[in-house]
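Visitor: I'd like to learn how to read a structure like this one. Could you walk me through it?

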Amino acid sequence: MSHAIPIAVIGAGYAGLSCAVELVGRGFAVSVFESSRIPGGRARVVAVGGLALDNGQHVLLGAYRETLRMMRRVGANPERLLLRRPLNLCYPNEFELTAARVRPPFNLILGLLRARGVSWMERRAVVRLMSALRRTGFAVAGDQTVASLLGEAGQPPRLCQLLWEPLCVSALNTPPEQASAQVFANVLKDALFDDGTSSDMLLPRTDLTRLFPQPAVEWLQRQGHTVWLGEPVRRIVQGKSGFTIESGRGPLPERYAGVVIATAPYHAATLLEELPETFAQKSQISALDWEPIYTVYLAYPEGTRLPAPMVGMTGGFGQWAFDRGQLGGPSGLLAVVISASGRHQAIQRDDLSQVLHSELCGIVAGLPPPRWTQMIAEKRATFSCRPGLQRPSVQTDMDGIFLCGDYTQSPYPATLESAVRSGVACALAVEAASRG
Ligand SMILES: Cc1cc2nc3c(=O)[nH]c(=O)nc-3n(C[C@H](O)[C@H](O)[C@H](O)COP(=O)(O)OP(=O)(O)OC[C@H]3O[C@@H](n4cnc5c(N)ncnc54)[C@H](O)[C@@H]3O)c2cc1C
């Protein structure tokens, strides 16, 4: 593979753009193709109620080191664009745990000592589980579900409901009864046992497209590389020396030394269809299941505030409520998130919004009815992170064809960080292949 002939990157989500930026840094020419006019993929801005809002509320962690590095690389300043706060799990009037900003394990120990609404028996149970995981180097023998790990470690039901289940569902977007305990342990290790800031929550103060995708597109263009927006790729065609692409405009004349498919897995499967040597990757993708994430926006009168920018909800359908007004958005706009599959999927949109409003009334006294509500249901938000999943490698069995995205091989669940890391790993694989 030559450095002189460009690499085509299909998909301008966090993975594809990270891959393109990393490739450019390693001396490659790139052309990026994105079917939407707006870059960002599953983390992008959309128009809601006349406002520019995200397709889903996102939270980043201090442990997202590659995402933060990529943002800086393209000139997006994380300190300005993200609100950094210590990890705080707060259910008003019921439970509050804030990780202390000291080195592990004291961040958790101190956090537990200061926690509100936790019995000593529950505190001991947390320490018992974390100590057991640390003893094994966070390796879960034979992988199992999070629910079975919690059961074996004797975690009290209330602790599961207020701490472990919300953490599992938020991090893995998979219910504890189905989620991989090994991936959950990997997340706990990186978030809680790396350093005192890796568990910090980073809340976007801008929309998700402006957080990284748009600056990345502009950075690539400034370096003289092409980014085609509104340009869906229909087919990848292998020629004698390299590949050509068929887009919505028909076959394109340019030749590419390699092609990185950086789409969501269900779209990658379609593009791989006519590339017979990628059979193994296609079957790994077809074994994946999906989990939804619902974000419901509720617009209240100006001045309506939650007690904090992010508040836990328990005992109903809502899991987390975000105060967009405290995050650079319009005052009074709240976003409620429901991750993973569950009984909320059986409820009509309007009814669900009404129920969530009632739940918010338990947090904000005297809350009037919302002026408007809008629900965004991402039905295939992420793959379902189950035990023993075989995720495809960035390197396929076909020379010159690569994959990247949040679903490729990684110790982590589908997140922005795993998307970015896979983009970087894919660029390294392209470079290794180019050396022969
Ligand atoms: C509602 C929601 C909430 C989430 N919350 C969080 C969170 O709080 N924290 C977190 O870390 N992660 C969260 N995630 C997960 C995170 O958004 C994803 O893991 C990440 O965005 C995936 O990035 P990607 O680049 O791998 O794929 P994608 O974002 O899916 O990017 C793929 C791109 O390829 C394009 N494409 C597809 N087919 C073609 C084609 N034929 N030609 C050209 N382009 C094509 C698509 O338009 C898209 O832009 C959430 C996801 C959702 C949906």
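Visitor: What share of the residues of the chain count as buried?

Guide: First, a word on the source: this is a predicted model, where local features need pLDDT of at least 70 and side-chain atom pairs count only at pLDDT 80 or more, while totals for chains, interfaces and linings use all residues. Residues are numbered from 1 along each chain as its sequence is written. A residue is buried if 20 or more other C-beta atoms, placed from the backbone, lie within 10 Å of its own. Here, 48% of the 436 residues count as buried.

Visitor: How many helices and strands are there in the chain?

Guide: Both are DSSP runs, numbered from the N terminus: helices are H or I with at least four residues, strands are E with at least two. This chain has 14 helices and 20 strands. Its radius of gyration is 22 Å, close to the 22 Å from the globule rule for 436 residues, so the chain is as compact as a globular protein of that length. That radius is taken over C-alpha atoms, and the rule is 2.2 Å times the number of residues to the power 0.38.

Visitor: Now a sheet. In what order do strands E11, E12 and E13 come?

Guide: Strands of a sheet pair through backbone hydrogen bonds, either parallel or antiparallel. Two strands count as paired if DSSP finds at least two bridges between them. In this case the open sheet runs E11-E12-E13, with antiparallel pairing. E11 (233–239) and E13 (250–251) are the edge strands, each pairing on one side only. Six bridges join E11 to E12 (residues 242–247), and Val237 sits opposite Thr244 in E12.

Visitor: And helix H8: is it mostly covered or uncovered?

Guide: Covered, with 11 of its 12 residues buried; Phe184 and Leu188 are among them. The cover includes strand E5 (60–61) and helices H4 (106–114), H5 (120–135), H6 (146–152) and H7 (157–172).

Visitor: Which domains does the assignment give?

Guide: Domain bounds come from an automatic or database domain assignment. It gives domain 1 (7–48 + 63–76 + 206–288 + 387–434), domain 2 (87–197) and domain 3 (290–383). The centres of domain 2 and domain 3, taken over C-alpha atoms, are 24 Å apart. Their contact takes 13 residues from domain 2 and 15 residues from domain 3, where contact means C-beta atoms, placed from the backbone, within 7 Å.

Visitor: Which element gives the most to the side of domain 2 that touches domain 3?

Guide: That's H7, with five residues.

Notes. Contact = placed C-beta atoms within 7 Å.
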